Amino acid sequence: MLKIRNLYAYYGSVTALSGVTCHIRAGEIVALIGANGAGKTTLLNAVCGLVRREGELSFQGRSLIGVASENLVSLGIAQVPEGRQLFGPMTVAENLELGAYRRFRRHPRQEIMEDLERIYLLFPKLRERLQQQAGTLSGGEQQMLAIARALMARPKLLLLDEPSLGLAPLVVETILATLTRLREEGMTILLVEQNARAALKIADRAYVLETGRIILSGSAQDLLADRQVTRAYLGRDYKEFTEGR
Amino acid sequence: MRQPQFEAMATEELELLQLERLQSTLTRAFRQVKFYRRQFDSHGLAPEAIRDLGDLQRLPFTTREDLSENYPYGLFAVPLRDIVRIVSSPGTTEKPLVVGYTSQDLKLWQELLARLYTAAGVSRDDIVQFILPPGLANWRRDLMAGAEYLGASVIPAASLNFAKELMVMRDYKTSVLVTTPSIARHLLTVMDRLNLAPAELSLRRAFLVAAPLPGELRREIEAGLHLRIATAYGITEVMGPGLAFSCEANAGFHFCADHFYPEIIDPETGEALPLGAEGELVITTLSTVAFPLVRFRSGDLTSLNPEPCACGRTLVRLGPIRGRVDAIFSVGGIKVHPDQIGRLLKDLLGGHLPHWRYEVQTEAGLESLALDITVDEALFSDEIKALEGLCYRVRRYFQDHLGIHARITLKEIGSGQLGN
């Protein structure tokens, strides 16, 4: 579905990605793991055209080079950015409607209402908070809203940046369980996570990034068992995870 | 097909998979193995320079001599504590060959073996009997573990004599025999002697490994044992037998190109040759973690056939192995370099190296090393017993060090045109 070949990304004169090649098949959850500064978020941003990039990048056979980031949604790519970036003073309902802004004109209101119903099934908490300001939600609820808002665009590929950041372990579990459900419904997900263990638990495959290059790839199960990965990326997370209980 | 998603992958998809795995292998090799970093540096290259599969040609080769110079752990790309298996074999150079595996590598390797058995028509319902000589201990262990992983019932090699092996085969209703071509051929002779008809056996398949199988020999064994033969190609340096395998269409060896990248080169110039041309097989690992190999020269002469196969697999096919680019030869499936013979003799005889000459002999299918040694002054004795002792010691020494059977003939000085 998404094919990336020799992708370079730059922040000014700094090369953040130096020749990344990877792919995502339809219906997969693929995780990008790696240390801080390895280039995980940069890779998402490069896919979305938010940083200067070079290389080959195609989505469902169509090149993304030259496609402006605001047009990605209509191709079927939605990003859930790190830090959620909700519209704090607006209500939950308004945030969700904004997620569907591309579709208001062309699609019957009925269809959007159905999507909202689906989302309330996925995140029952949001229905309870419909009229509440997004900024007053808890961290976990904000993350749910951010995902829900992205889903309102009916994407085929969902890009998620650190959905577990700053959330309590139980909340992380809820969010990840939701992603698994989305995959079962046919969604394709590219997941960037600092919390590698949690990401590998739900992913099908993963790539390990180290200073701008992919150094290891494989099934998530294999990487969970890989001793180098365990040492480099799972040690601390695991402790945090178990001590938090 | 065990893994149709890979074995019958569309070419374009496979190439992207190969490229991403190649790039990550090269990055790991460059960052974690001094030898590869030097190799890259000496050509003024960084892993980033390899932007497509064809760029691989810009990198230098890795040879058996490189492996020997980096003995034992110099080419390992992970710390020893991540290695769960260290496989050592005599190799063909001065130093033994050492290959390390992480637990991930072992898993991959089991999966590849299961792939090969499945293509050979072997399933968990089979009873698989192994007759492989001690010199092929690594292959024996690999193939047995693979059959067990598949879930078949395994009868390990018992080093019984061949008559006993045949009795086991008949009584235990063995359905698959795993052995070398020469032993399979020898079993026909033994069956003849025992008056054992193939109909008394339950064999359906033979899986013949470690040596090439000429067409005539294949037909003789298939007819004599009433079964179909499957074969495989592999080298100890790269995961042993799991590298390439024959399929039901029996039209070459499907190369596991999702995990290993094959090239064919001109052995003289090192230039890459187009698909279909015959040359030396060069292998780059794409998935192995502990022991990555970049452009390893196998020494085997063969060709690559990218045409689609009747079996439905898209994995490129290796043609028959036509020979070697070097002097390495095989005795019953065990690879030997002539220099090793000289080295072993010199070791055994306290630094003295007499004239010697060798030949691989076949008797009723079984191969042995016929070694003529010239008895010079340093070796001479007027006691028959001492000379017999010499023969015995040489025989034992070759058995112990290479796992091959040697027949020793002592020659007088001037009795023949002995060279060396």
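Visitor: Before we look at helix packing, how are the axes defined, and over what range do the angles run?

Guide: Axes are lines fitted to C-alpha atoms, for helices over the stretch in contact, and angles run from 0 to 180 degrees between N-to-C directions. Note also that this is a predicted model.

Visitor: What describes two packed helices?

Guide: The angle between their axes and the distance between the axes. In chain B, take helix α7 (residues 162–171) and helix α8 (residues 181–194): their axes come within 10 Å and cross at roughly 85 degrees. Angles of 65 to 115 degrees count as roughly perpendicular, so α7(B) is roughly perpendicular to α8(B).

Visitor: Which residues make the contact?

Guide: From α7(B) come F162(B), A163(B) and L166(B). From α8(B) come H186(B), L187(B), V190(B), M191(B) and L194(B). By class, seven residues of this contact are nonpolar, one is polar and none is charged.

Visitor: How does spacing along a helix relate to the direction in which residues point?

Guide: An α-helix has 3.6 residues a turn, so residues three or four places apart point the same way. In this structure, A163(B) and L166(B) are among the α7(B) residues of the contact, and L187(B), V190(B), M191(B) and L194(B) are among those of α8(B).

Visitor: Which strands does α8(B) lie across?

Guide: α8(B) lies across β3 (127–131), β5 (176–179) and β6 (205–208) of chain B, and runs at about 135 degrees to β6(B). Helix α9 (residues 215–225) of chain B lies across β6 and β7 of that chain, at about 135 degrees to β7(B).

Visitor: What is the strand order of the open sheet in chain B?

Guide: The order is β4-β3-β5-β6-β7-β8-β9-β14-β13, nine strands with mixed pairing. At the edges are β4 (153–155) and β13 (304–305) of chain B, each of which pairs on one side only.

Visitor: How should I read a single strand, and then a pair?

Guide: In a regular strand the side chains alternate between the two faces of the sheet. For a pair, look at the bridges and the direction. Strand β7 (residues 228–235) and strand β8 (residues 240–246) of chain B run antiparallel and are joined by three bridges; Y233(B) has A244(B) in β8(B) as its bridge partner. Another antiparallel pair is β10 (residues 260–265) with β11 (residues 279–285) of chain B, joined by six bridges, where F260(B) stands opposite T285(B).

Visitor: Why is β10(B) described as largely enclosed by the rest of the structure?

Guide: Because five of its six residues are buried. Just after α1(A), G49(A) takes a positive phi of about 75 degrees.

Visitor: What can be said of chain B as a whole?

Guide: Chain B has 11 helices and 20 strands. Its radius of gyration is 23 Å, which agrees with the value near 22 Å that a compact globule of 420 residues would have. Its C-alpha atoms fill a box of roughly 70 × 55 × 40 Å along the principal axes, and 44% of its residues count as buried.

Visitor: How many residues of chain B are in contact with chain A?

Guide: 15 residues of chain B are in contact with 17 residues of chain A. On the chain B side, α2 (11–32) and α5 (103–119) each supply at least two residues, and α2(B) gives the largest share, eight residues. That side divides into three nonpolar, five polar and seven charged residues.

Terms used. Residues are numbered from 1 along each chain as its sequence is written. Chains are lettered from A and ligands numbered from 1 in the order in which they are written. This is a predicted model: local features need pLDDT of at least 70, side-chain atom pairs count only at pLDDT 80 or more; totals for chains, interfaces and linings use all residues. Helices (H or I, at least four residues) and strands (E, at least two) are DSSP runs, numbered from the N terminus. Angles under 35 degrees count as roughly parallel, over 145 as roughly antiparallel, 65 to 115 as roughly perpendicular and the rest as oblique. Two residues are in contact if their C-beta atoms, placed from the backbone, lie within 7 Å. Ala, Val, Leu, Ile, Met, Phe, Trp, Tyr, Cys and Pro count as nonpolar, Asp, Glu, Lys and Arg as charged, and the others, Gly among them, as polar. The radius of gyration is taken over C-alpha atoms; the globule rule is 2.2 Å times the number of residues to the power 0.38. A residue is buried if 20 or more other C-beta atoms lie within 10 Å of its own, exposed if 12 or fewer, and partly exposed in between; C-beta atoms are placed from the backbone. Two strands pair if DSSP finds at least two bridges between them.
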